[in-house]
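I opened my notebook to get to know a new structure. Have a look at it with me before reading on.

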Amino acid sequence: MIAEAAYFTRQPDWASGLARIASTGFWRSLNPQLHLTDTPFSGPAQPYSVEPAQVSQALEQVCQEGYLQTAPAIPTQLCEALAQGVLNIIAAGLHPIYVSLYDEYWQILRNLAPIFGPVLGDGYLPLGDFWCWCISQETSGSGWGAHRDYQFKSNATRQDGRPLLVTAWLPFTDTDPLNGCMYLVPQDRDEFIPDRLDQLGFKNPQDLRALPARAGSVLAWNQYVQHWGGRYSRWAKGPRIATGVYLQSGDVEPFVGKVVHFDQPLLPATRLGFIASNILNYHMYHHYPEPVLRMCFDHVQLLPNFVELVPPALRNPMADYLDELETAGG
Ligand SMILES: [Fe+2]
């Protein structure tokens with residue numbers, strides 16, 4: 001079984017344990033160091049302090065090389081709380097992506113305005129498209145293989161090179177080549193950009209760039225940059241725990257119907273729906289066992305526009321499942 005799916009099946013009674021996922025009380029007691037409310041954005045924003053030189057480098061770099069990286073901006077204590085959250089979730093027999101249920105996860109995205117405001121424009125928005133990884137000897141032995149995030153076949157940069165959509169990649173632990181840090185090919189060294197985005201590869205290994213990063217650093221890349229996570233070595237000093245989440249400019253149409261507004265509530269049910277839709281989106285690669293799919297079918301319906309968010313290949317199995325439920329109930 002693929003590591004992503006195996007997170008769910010580590011305990012003998014794993015299938016019945018999936019029912020816990022819908023309980024906010026379960027999540028609050030699992031990670032008392034984190035919070036889960038209906039309104040993660042009700043308090044004032046607390047933008048992180050970022051040196052102006054970091055911001056101007058980030059902006060210049062994302063336009064030229066297609067990605068940016070800053071020094072740590074997210075407070076260490078918060079990174080530790082989220083990393084511990086991920087470890088507790090794994091120990092409970094669930095997937096690290098569930099750390100995105102907690103308010104702190106979303107508050108970080110708002111507090112990164114000093115970086116993403118200049119890059120994406122004021123009024124940038126997170127999308128409910130995200131994933132979380134824990135690369136270690138016991139969990140997943142490597143990050144995802146080389147790919148471009150080029151998921152939306154529309155132009156995802158402005159004339160001046162600024163992105164309209166980025167994958168923000170945030171490590172909650174220190175990451176380096178030994179624990180599977182990110183690698184990429186800067187876009188100005190990638191012969192396949194812009195016309196042959198369906199191809200991957202490089203001519204010269206010197207064009208690759210390893211991106212070791214301390215916990216709390218901010219990385220982001222546009223839709224075109226090819227990137228991958230490295231492999232875990234037995235000599236690594238600790239797990240690589242990180243998340244990737246889409247952020248988009250506020251002055252263009254949503255790239256996907258899972259928009260988060262910093263001035264509105266974000267109900268736990270909505271977050272569960274987002275997570276379910278993300279797991280379903282990757283089912284074709286990860287092959288989740290049927291009880292996990294069924295749980296996701298239940299949760300994705302918490303989103304009003306869920307039909308468009310279920311991958312076409314899964315719409316029939318989902319319809320069959322809903323029929324089955326109706327028959328059993330009626
Ligand atoms: Fe990616």
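**Ground rules.** I am working with a predicted model, where local features need pLDDT of at least 70, side-chain atom pairs count only at pLDDT 80 or more, and totals for chains, interfaces and linings use all residues. I number residues from 1 along each chain as its sequence is written.

**Whole chain.** I found 12 helices and eight strands; helices (H or I, at least four residues) and strands (E, at least two) are DSSP runs, numbered from the N terminus. The radius of gyration (taken over C-alpha atoms) is 19 Å, close to the 20 Å that the globule rule (2.2 Å times the number of residues to the power 0.38) gives for 330 residues, so the chain is as compact as a globular protein of that length. I also noted that the C-alpha trace spans about 60 × 45 × 40 Å along its principal axes.

I followed five strands through an open sheet in the order 1-6-3-8-2, with antiparallel pairing; two strands pair if DSSP finds at least two bridges between them. Strand 1 (67–70) and strand 2 (125–135) are its edges, each pairing on one side only. Neighbouring strands of this sheet are turned by 15° against each other on average, direction ignored. Further in, I looked at strand 3 (residues 165–171) and strand 6 (residues 218–221), which pair in the antiparallel sense over three bridges. Which residue of strand 6 is the bridge partner of A168? I found A220 there.

**Helices 5 and 6.** Helix 5 (residues 76–91) packs against helix 6 (residues 103–111) at about 140°, with the axes 10 Å apart. Axes are lines fitted to C-alpha atoms, for helices over the stretch in contact, and angles run from 0 to 180 degrees between N-to-C directions. I therefore call helix 5 and helix 6 oblique to each other (under 35 degrees counts as roughly parallel, over 145 as roughly antiparallel, 65 to 115 as roughly perpendicular and the rest as oblique). For the contact (C-beta atoms, placed from the backbone, within 7 Å), I listed L78, A81 and L82 of helix 5 with E104, Y105 and I108 of helix 6.

**Helices 8 and 10.** Helix 8 (residues 268–281) and helix 10 (residues 290–300) pack at about 135°, their axes 8 Å apart. Helix 8 and helix 10 are therefore oblique to each other. Their contact includes L272 and G273 of helix 8, and C296 and H299 of helix 10.

Methods. Contact = placed C-beta atoms within 7 Å.
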